[in-house]
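Here are a few quick notes to go with the model. Have it open while you read, and follow the points in order.

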Amino acid sequence: MTTPSQTDQHLTTPLTVDPRSATHTRRAEPRDIDAILFASFGGPDGQDDVIPFLRNVTRGRGIPDERLEEVAGHYRALGGRSPITAQNRQLIAALEQELSRRGIDLPVYFGNRNWEPYHADAVRALHADGRRHALALVTSAYSSYSSCRQYREDFGMVLQETGLAGEVTIDKARVYFNHPGFLEPVLDGLRNALDDLAAQGHDAENVRVLFSTHSVPLSMAEASGPEETRVEGSGGWYVEQHLAACRWVMDQIDDDAPVAPQWELVYQSRSGAPHIPWLEPDVNDVITRLAQTGDSGTESAVEAVVVVPIGFVTDHVEVVWDLDTEAKETAAEHGLAFRRVATSGTDPRFVSALADLVQERLDPAFPREEVTDFGSTPDVCGANCCVGRLCRPTTSGVDSAEDVRRAGQQQAGAER
């Protein structure tokens, strides 16, 4: 089996709970789902939207507009419009066609956390249409606060905001990093990139594969997953799931070729105060380091890097700017050939995977497609799963009722 570079500090993140246990295999109670809520992060639609959008993203952190303008430059360079909204609408259209092809008659409502249309807009719309039980599909494949629990909080809070708690339910579909429909397009993209580099004369031993995902604070990573899975310093389920996905992809590459390139998991798009530890290493730092290998004679000289944005669903700003612009420029500065693999996006296999997530909740007998050595992923999150700093109402957790109660108590106390 292909082994990653020994620079990654989370190579041996342990499986802390038996994958056959309820922690991994817990299933939701059957429910008469009558709507799909397609939930995403959101993005600005023009130059005038950029700073208001970033204020929404950073609300509660007290970040002044002067600092937000530093990040705003990424959006402004793209005309002030994030590609994510158009990409999501394309994905929704493809999903609607796939659901129709399968004979599943469920409307899809689109809502965002940070920009129009907001989650509340979507929930009000589905309620007005007489829908009462929504299944949420989110544009994030892994377990962490920002990629899973925060969406569950969004749903819990929007039900209270709209006054629809108890009348409308919103269940979140399981994380799907281990669905072959998510990983196979990535695998094909990596194969194509390696073949292209080989045609340009770059041998596999001189190529490095960098699987990239969004960095998060180390404390958030360690809190990812249910409380019974916590191991200090392990990176939690967030790192564990990413490494499992990377291993599966590289195992298929290893089966294809007599020599497969070395690989490692890297991080990008870090933000926040510099004194707070975040997951490392940064993709640009790794590219710089790789360009310097070979001097000691202990490794083959690196001639090319393939960056695989395995942590992302579509080619949005953090892919086209942080990778296609910054990482590509870093590689060019050091004379390295650079290839970037596409995200799963609207690949029919990924669209089919999203439809599978719907169908497996409609029909308990529908087979669940899951690969990687991580094991299964639950429909209902465990206790204190991916817990954040504050208690907010949630859905789709074994402790969601308690979260709602505690959040209500805290709010009542704050108002006294």
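1. Strand 3 (133–138) and helix 13 (348–362) each give at least two residues to the lining of the second largest cavity. Helices (H or I, at least four residues) and strands (E, at least two) are DSSP runs numbered from the N terminus. A cavity is a set of points on a 1 Å grid over the protein atoms alone where a 1.4 Å probe fits but cannot get out, and lining residues have an atom within 4 Å of a point.

2. Before going on: this is a predicted model, where local features need pLDDT of at least 70, side-chain atom pairs count only at pLDDT 80 or more, and totals for chains, interfaces and linings use all residues. Residues are numbered from 1 along each chain as its sequence is written, and side-chain values use heavy atoms, with hydrogens and water left out.

3. What lines that second largest cavity? Among the residues are Phe-38, Leu-91, Thr-139, Tyr-176 and Phe-350. By class, the lining has eight nonpolar, one polar and no charged residues (Ala, Val, Leu, Ile, Met, Phe, Trp, Tyr, Cys and Pro count as nonpolar, Asp, Glu, Lys and Arg as charged, and the others, Gly among them, as polar).

4. The largest cavity has a volume of about 90 Å³ (the space filled by probe spheres set on the points, with grid points joined across faces, edges and corners). Of its 13 lining residues, Ser-143, Cys-148, Val-175, Pro-378 and Cys-381 are the closest to its centre. Seven nonpolar, two polar and four charged residues make up this lining.

Definitions and conventions
1 Å grid on protein atoms, 1.4 Å probe; cavity = no way out; pocket = protein on both sides within 12 Å on 5 of 7 lines; lining within 4 Å.
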